[in-house]
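Here is a short briefing to read alongside the model. Please keep the viewer open as you go through the topics below.

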Amino acid sequence: MGEIQLVDAHCHLDELEQRGMPAAEAVSAATAAGVLQIVTSGDSPAENHRARVLAETYAGVYFTPGWHPNNGRAPSSAERRALRDLLDHPRAVALGEVGLDYHQRDGGAIWDRGEQRSLLRGMLELAAEVGKPVVIHQRDAAWDLLEVLDASPRVPTMLHCFSGGADFAQAAVSRELHCSFAGNLTFRSAAELREAVLAVPPELLLLETDSPFLAPHPLRGRLCHPALVRLTASWLASHLGMELELVAERSCSATRAFFQLPPP
Ligand SMILES: [Zn+2]
């Protein structure tokens, strides 16, 4: 077998920079670990802009401009146009993050669920219109999400930082949704995820870091960066009783097929 190659299917290089790790450093650490392609995501206009600049700067970096439900409001029509324009960028490989977040944070209000669903429907229509896949954020909203997806135009869809159990994974797989697992898959407390990942066939199974969050075991709690997707891949290989080479090869080809990435 040759060298291990991996792709980080989802991260936030801009937020990593804000936490003190320059993108140049993150990209070169990733390259050294065999992570030759990185998909960095934007959640808001400022982040989308920074993600575009990073994708224009580094050969292996692609970006997905989005509108996170935690913005707490729908984009204005000017913001929607700007998002649409970004999707025409040659290095914009999907629309996202978009999605539903019903998680109650301390003292924080949840954005109206109905408004979240209607924005998501609009975003799925936009993705269909521009012919790009979509990257979904979902928290405490699994079954509502499937309902919205079922009622919207079908576009290739990835559930980023998969959360849920085997039943939700099966429901996702039956709809051919791609399931992307982050470093929390490796946490000792993640019994649900350990079962869920077994329900996902290799062609739908992606790996991501969601950097700067969720550094995998044994670096849990530390700053997460794209190179660490290799730890999650190694963990998954032992969980599945497979060679790391094979897990890496399969997740790479699933990720490249989903985002239509050229060979590195
Ligand atoms: Zn993310």
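A salt bridge here is a side-chain nitrogen of Lys or Arg within 4 Å of a carboxyl oxygen of Asp or Glu. This is a predicted model, and it holds 7 salt bridges.

**Salt bridges**

- Arginine 50 pairs with glutamate 17, and their closest N and O atoms are 2.9 Å apart. Because arginine 50 sits in helix H3 (residues 45-57) and glutamate 17 in helix H1 (residues 13-18), this bridge ties together parts that are 33 residues apart in sequence.
- Both partners are partly exposed: arginine 50 has a relative accessible area of 31%, and glutamate 17 comes to 25%.
- Arginine 175 bridges to aspartate 150, with 2.8 Å between the closest N and O atoms. Arginine 175 belongs to the loop between helix H7 (166-174) and strand E7 (178-181), while aspartate 150 is in helix H6 (residues 142-150), so the pair links parts 25 residues apart in sequence.
- Arginine 175 counts as partly exposed at 22% relative accessibility, as does aspartate 150 at 49%.
- A further salt bridge joins the side chains of arginine 73 and glutamate 79, at 2.9 Å from N to O. Arginine 73 is partly exposed at 40%, and glutamate 79 is partly exposed at 21%.

**Cavities**

- You will find 2 cavities of 30 Å³ or more.
- The largest cavity holds about 40 Å³ of space. Its lining includes Trp67, His68, Pro69, Trp111 and Met123.
- Strand E4 (95-101) and helix H5 (113-130) each supply at least two residues of that lining, and H5 gives the most, with 4 residues.
- By type, the lining of the largest cavity has 7 nonpolar residues, 3 polar and no charged.
- The second largest cavity has a volume of about 30 Å³. Ile136, Gln138, Leu159, His160, Cys161, Phe162, Ser163 and Phe168 line this second space, dividing into 5 nonpolar, 3 polar and no charged.

**Threonine 157**

- Threonine 157 lies in strand E6 (residues 157-159).
- The threonine 157 side chain reaches the backbone oxygen of valine 155 at 2.7 Å.
- Setting aside residues up to four places away in sequence, threonine 157 touches Val134, Ile136, Leu149, Leu177, His178 and Phe258.

Notes: Residues numbered from 1 in each chain as written. Predicted model: local features only at pLDDT ≥ 70, side-chain atom pairs only at ≥ 80, totals over all residues. Heavy atoms only, no water. Polar contact = N/O pair within 3.5 Å; in protein donor to acceptor, adjacent residues only side chain to side chain. Contact = heavy atoms within 4.5 Å. 1 Å grid on protein atoms, 1.4 Å probe; cavity = no way out; pocket = protein on both sides within 12 Å on 5 of 7 lines; lining within 4 Å. Points joined across faces, edges and corners; volume = space filled by probe spheres on them. Nonpolar A, V, L, I, M, F, W, Y, C, P; charged D, E, K, R; others polar. Buried < 20%, exposed > 50% of the residue type's maximum accessible area, 1.4 Å probe, protein only.
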